[in-house]
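Dear colleague,

Please find below the structure that I promised to pass on to you. My notes on what was found in it follow directly after, with the cut-offs spelled out where a term first matters.

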Amino acid sequence: MAAGRALLLPLLAAAAVLEPAAAVWPQPQAERFPPGGGRCLLPPRRFRFAYAAGSAVGPGCAVLEAAFQRYWALLFAAARPTENEQPWGTPCTQLLVFVAAPGCNGFPSLDSKESYKLSVSEGSLLLSADAVWGALRGLETFSQLVGRDENGTYYINKTEIVDFPRFPHRGLLLDTSRHYLPLRAILETLDVMAYNKFNVFHWHIVDDPSFPYESWTFPELSKQGAFNAMTHVYTASDVQMVIEYARLRGIRVIAEFDTPGHTLSWGPGAPGLLTPCYLGRDPSGTYGPINPILNSTYQFVTSLFQEVSTVFPDFFLHLGGDEVDFTCWKSNPKIRAFMKEMGFGEDYKKLESFYIQRLLDIISSLGKGYIVWQEVFDNEVKVRPDTIIHVWKENSTPYMEEMANVTKAGYRALLSAPWYLNHISYGQDWMVAYEVEPLGFEGSPEQKDRVIGGEACMWGEYVDVTNLAPRLWPRAGAVAERLWSNATVRNLQDAYVRLADFRCKLLGRGVQAQPLYVGYCENEFGGF
């Protein structure tokens with residue numbers, strides 16, 4: 001304990017130095033406070049968000065209209081009717097929002113522009129952005145800068161902020177197969193993702209334990225494969241709600257349907273899809289990965305992914321491809337005969353590659369791009385040059401070496417290996433996540449440019465709705481800042497102060513974010 005206290009006492013001392021209302025998480029790229037300081041008072045009853053003259057988007061823009069309502073409620077819902085209307089001081093009654101490019105009805109993408117500028121000066125508040133997605137990020141920053149003094153007066157300090165993300169893909173994976181997460185929990189997670197400027201929800205929607213996705217093409221998949229086909233499923237309207245809720249917060253939804261392994265829950269609803277395992281000469285009654293030697297398999301996969309590519313509008317699908325156990329394939333006499341016929345010998349990686357290559361051709365024909373787990377690359381499957389390789393393993397090859405190998409081969413890379421937040425330990429493990437440098441591998445500038453970002457992962461073996469939020473937040477914030485802020489933002493003491501303050505803000509917003517260490521918040525969870 002003595003060592004832990006020694007580390008944290010300086011952090012706690014630093015906490016007294018920073019003005020809480022000036023702390024922003026994740027830290028902006030550039031922030032300047034004018035000499036002499038000063039602040040603008042915000043009168044809740046009169047304050048409004050408005051469009052600046054010349055803005056390419058205006059009234060009727062669903063993305064911004066919804067955001068204006070959300071942020072007004074987050075900032076001022078607790079204000080008493082007569083509060084903060086003092087005649088003294090300089091009131092700022094509106095934040096003017098200027099967006100350079102039209103477009104409110106589309107979906108965010110890997111190429112979306114999220115940059116913004118925020119200017120708070122004498123009696124004037126201006127937020128300007130290239131696109132609505134940048135305006136959303138700027139509104140979040142604005143909301144974090146608003147403070148409230150001991151008299152209940154709302155204010156914002158004069159400041160100039162220029163901000164943009166370091167990486168374009170900043171994701172969070174939720175696993176809804178090992179435990180079903182109710183729709184409300186997913187929507188609440190999307191809210192907190194927006195507070196952290198995450199922009200990708202990686203929905204690991206099905207896996208071995210359960211198949212909660214209701215397919216209209218193959219309704220038996222969820223009827224037979226969900227934990228409960230009535231209560232533990234995501235209907236078509238549920239999925240659409242998640243996609244639109246995410247869109248309004250500038251978050252992409254990338255669905256993962258992992259094959260050929262991790263598919264045991266598919267079997268009951270799709271007879272003939274999985275490989276029958278054998279014990280000697282006879283079927284054992286158990287099943288392994290998808291059967292890669294049957295034409296019917298590829299007809300099924302084509303039909304399912306036709307549906308999935310229609311339902312999920314993002315250009316990318318995550319196709320998995322990890323942890324394929326060859327034991328069952330090796331036991332099956334028909335598969336062994338196929339291996340011989342194809343000249344694969346005993347190399348079952350070649351059989352896996354045979355399946356994956358056909359799957360990738362199917363996805364390409366549907367006009368979609370794809371992300372795969374690193375095994376697809378490791379097993380030398382032939383993939384398109386624009387494939388994104390998702391690095392998750394820490395054991396066989398160190399993950400930084402894997403990042404170097406992937407990018408050297410010319411592929412774009414995503415990093416998750418050091419950010420499995422379902423792994424917990426006593427103490428401040430957020431620091432370990434925070435200190436990761438995604439570009440900390442040996443390689444050329446061109447290789448570094450191929451790293452498009454990363455994802456924090458929350459696998460569901462030991463996580464359901466009861467512990468999802470406190471296990472995620474504020475720990476996932478460490479990953480959010482690493483992926484958004486400048487590479488030079490690395491000071492743990494400063495990060496501790498801002499993350500502790502941000503955690504208090506999350507409590508005020510109704511998020512059950514766990515504490516970083518000893519301390520308290522002015523507004524504890526539940527309003528006490």
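Two remarks on provenance belong here: the model is a predicted one, in which local features need pLDDT of at least 70 and side-chain atom pairs count only at pLDDT 80 or more, while totals for chains, interfaces and linings use all residues. Residues are numbered from 1 along each chain as its sequence is written, and side-chain values use heavy atoms, with hydrogens and water left out.

Helix α12 itself, residues 399-408, is mostly covered, since 7 of its 10 residues are buried, where buried means under 20% relative accessible area, exposed over 50%, and partly exposed in between (1.4 Å probe, protein chains only). The buried residues of α12 are Tyr-399, Met-400, Glu-402, Met-403, Ala-404, Val-406 and Thr-407. They pack against α11 (375-378), β17 (388-391), β18 (412-415), α14 (445-449) and β19 (451-458), contact being taken as heavy atoms within 4.5 Å.

As for helix packing, the axes of α4 (residues 183-195) and α6 (residues 236-247) come within 10 Å and cross at roughly 10°; axes are lines fitted to C-alpha atoms, for helices over the stretch in contact, and angles run from 0 to 180 degrees between N-to-C directions. The helices α4 and α6 are therefore roughly parallel to each other, on a scale in which angles under 35 degrees count as roughly parallel, over 145 as roughly antiparallel, 65 to 115 as roughly perpendicular and the rest as oblique. On the α4 side the contact is made by Leu-183, Ile-186, Leu-187, Leu-190 and Asp-191, and on the α6 side by Asp-238, Met-241, Val-242, Tyr-245 and Ala-246. Sorted by class, this contact of α4 with α6 has 8 nonpolar, no polar and 2 charged residues, with Ala, Val, Leu, Ile, Met, Phe, Trp, Tyr, Cys and Pro counted as nonpolar, Asp, Glu, Lys and Arg as charged, and the others, Gly among them, as polar.

Strand β8 (residues 154-157) is covered on both faces, with Tyr-154 and Ile-156 on one side and Tyr-155 and Asn-157 on the other, all of them buried. Strand β2 (residues 39-41) pairs with β8 in the antiparallel sense over 3 bridges, two strands being paired if DSSP finds at least two bridges between them, and Arg-39 has Asn-157 of β8 as its bridge partner. Strand β7 (residues 146-148) likewise pairs with β8 in the antiparallel sense over 3 bridges, and Val-146 has Ile-156 as its bridge partner there. Between β7 and β8, which form a hairpin, there are 5 residues, and Gly-152 in the turn has a positive phi of about 85°.

The structure holds 4 disulfides, a disulfide being a pair of cysteine sulfur atoms within 2.5 Å. Numbered in sequence order, the bonded cysteines of the protein pair as 1-3, 2-4, 5-6, 7-8. In one of the disulfides, the sulfur atoms of Cys-40 and Cys-92 are 2.0 Å apart; this pair links distant parts of the chain, with Cys-40 in strand β2 and Cys-92 in the loop between α2 (62-76) and β4 (94-99), 52 residues apart. Both Cys-40 and Cys-92 are buried.

Cys-277 and Cys-328 form another disulfide, their sulfur atoms 2.1 Å apart, and with -110° about the S-S bond this link is left-handed. The pair again links distant parts of the chain, Cys-277 lying in strand β13 (residues 274-279) and Cys-328 in helix α8 (residues 327-331), 51 residues apart.

A disulfide also joins Cys-504 to Cys-521, S to S 2.0 Å, and the torsion about its S-S bond is about -80°, so the disulfide is left-handed. Cys-504 lies in helix α17 (residues 492-508) and Cys-521 in the segment after α17, so the pair ties together parts that are 17 residues apart in sequence.

Lastly, Leu-483 lies in helix α16 (residues 475-484) and counts as buried at 0% relative accessibility. Leu-483 and Lys-197 are 286 residues apart in sequence and 9.4 Å apart in space, C-alpha to C-alpha.

With best regards

Note on methods: Helices (H or I, at least four residues) and strands (E, at least two) are DSSP runs, numbered from the N terminus.
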